[in-house]
Amino acid sequence: MGLTITNISAVLKKIIVPVVQSQLRKESLLFDKIKKNVGVTVTNNTIYIPVRSGRHSGIYSVAEGTEPYSGKSKYEQPYTSVKYAFGTLELTDQALEAASDNIKAIASILSTEIQALKDDFRMDLNRQLHGAGAGKLCQTNGTGSAATTLIVDTAPHGGDATDYLVEGMYIQIGTGSAVQISSVDSATQVTLATASSWADDTVITKANAAEAMGLAGIIDDGDNVATIQAITRSAAPWACSYVEDTSATLTEAYMINLYLKTLKFGGAKAVLAGETLFSKYGQLLTSLKKTADLKEVLSGGWKGLEFMNGIPVVCDFDTWSGYMQFVDFDALTIAEMSKPFAWLEADAHGGILKRSASNRTIWEGTLKYYFNLVGKKFKSSGRLSGKGA
């Protein structure tokens, strides 16, 4: 008897996926580092983050016989919503039918596709965790009128403008309707499946984007996100991180001053930088090299760069351009309402494949992750921005 769709779902879920998961690349640096569900409560689709926002007001030194005033600490309960991320794969009915009598053949068909889906899902989460919740992928370069050729620039991470665009992806150009990318033609150009119109410098996001908060929004003083976790930053200094955004060349003095500000509240545990500023920091250390007994930490590719108190300086390619993020990982957590990359069940019996609503010859399987990044404390992290090389 051949395998049924239910059998194939079981193979996909219980046998193939765990094997593939163990082979995942570890390139989603930020996503892998942040601890999950620490110091938060998830109720329904809301995340609550209790915080102490003010010192105790009942501390006095008084003369003998004088009664001290009483007081209390100040507490807040910020909150934010859970975000829902999905990754969906497609399998043709013909491919499944051809492999229905051979579990190895099924594994061969599925393993590569599942690996690609999970790897790219993690990488997209890493992109989101560097952002400010708006989901910007890049922006238009020039206007278009009923056109299919789209020229783009200004990707947040400063790399190729099309780095976050993928053939087959549905995007929105500003508030326009969703349109599919037919091909990615170069570092600055894509071809659209449907003619669209746009103005210059219009922000491009994924279709219907409602993305998680990221470091650019949490390590901020209101420039990127004015209201964080239901707290208006202009009225709550404790919810503002230290930000140095003067347009200038990166120097060690800027880094030292910012780190010392965070240190008063616990201190950053790592510094994240994109390719350009990571390279610049390595060049700043050239003066520390010795002509004899050269240590690996400052040789060649500057493997293992460190800063004050031995905190690591790490290259994360999703870090926003011109930013150096001084991150206190203890002040962050990913609040989860589901396990990462769990299967979205397609039926009541645990099956994970269902027919496509638009094509009955295609079966779909969907991975899900219900989560958001939250800040438990803001002043122990800081940001240098506007810093060129």
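## Cysteines

Cys138 is buried, at 0% relative accessibility, and Cys240 is buried too, with a relative accessible area of 11%. Here buried means under 20% relative accessible area, exposed means over 50%, and partly exposed lies in between (1.4 Å probe, protein chains only). Searching the whole structure turns up zero disulfides, a disulfide being a pair of cysteine sulfur atoms within 2.5 Å.

Please keep in mind that this is a predicted model, in which local features need pLDDT of at least 70 and side-chain atom pairs count only at pLDDT 80 or more, while totals for chains, interfaces and linings use all residues. Residues are numbered from 1 along each chain as its sequence is written, and side-chain values use heavy atoms, with hydrogens and water left out.

## The largest pocket

The largest pocket has a volume of about 1,600 Å³. Its lining has 43 residues, and the closest to the pocket centre are Phe86, Asp124, Val166, Met169 and Lys206. A pocket is an open set of points on a 1 Å grid over the protein atoms alone, where a 1.4 Å probe fits, with protein on both sides within 12 Å along at least five of seven lines; lining residues have an atom within 4 Å of a point. Grid points are joined across faces, edges and corners, and the volume is the space filled by probe spheres set on the points.

Which element gives the most to this lining? Helix H4 does, with 11 residues. Strand S6 (83-92), helix H4 (103-128) and strand S23 (362-375) each supply at least two residues. Helices (H or I, at least four residues) and strands (E, at least two) are DSSP runs, numbered from the N terminus. By type, the lining holds 21 nonpolar, eight polar and 14 charged residues.

## A six-stranded barrel

Six strands form a closed barrel in the order S7-S8-S11-S10-S9-S12, with antiparallel pairing. From one strand to the next, the twist averages 45 degrees. Two strands pair if DSSP finds at least two bridges between them. Strands S10 (residues 179-184) and S11 (residues 189-198) run antiparallel and are joined by three bridges. Ile181 stands opposite Leu192 in S11.

## Two loop residues with positive phi

Most residues other than glycine have a negative phi. Asp201, in the loop between S11 and strand S12 (203-206), has a positive phi of about 60 degrees, and Asp201 is partly exposed at 44%. Asn208, in the loop between S12 and helix H5 (215-218), has a positive phi of about 55 degrees. With 67% relative accessibility, Asn208 is exposed.

Technical notes. Ala, Val, Leu, Ile, Met, Phe, Trp, Tyr, Cys and Pro count as nonpolar, Asp, Glu, Lys and Arg as charged, and the others, Gly among them, as polar. Axes are lines fitted to C-alpha atoms, for helices over the stretch in contact, and angles run from 0 to 180 degrees between N-to-C directions.
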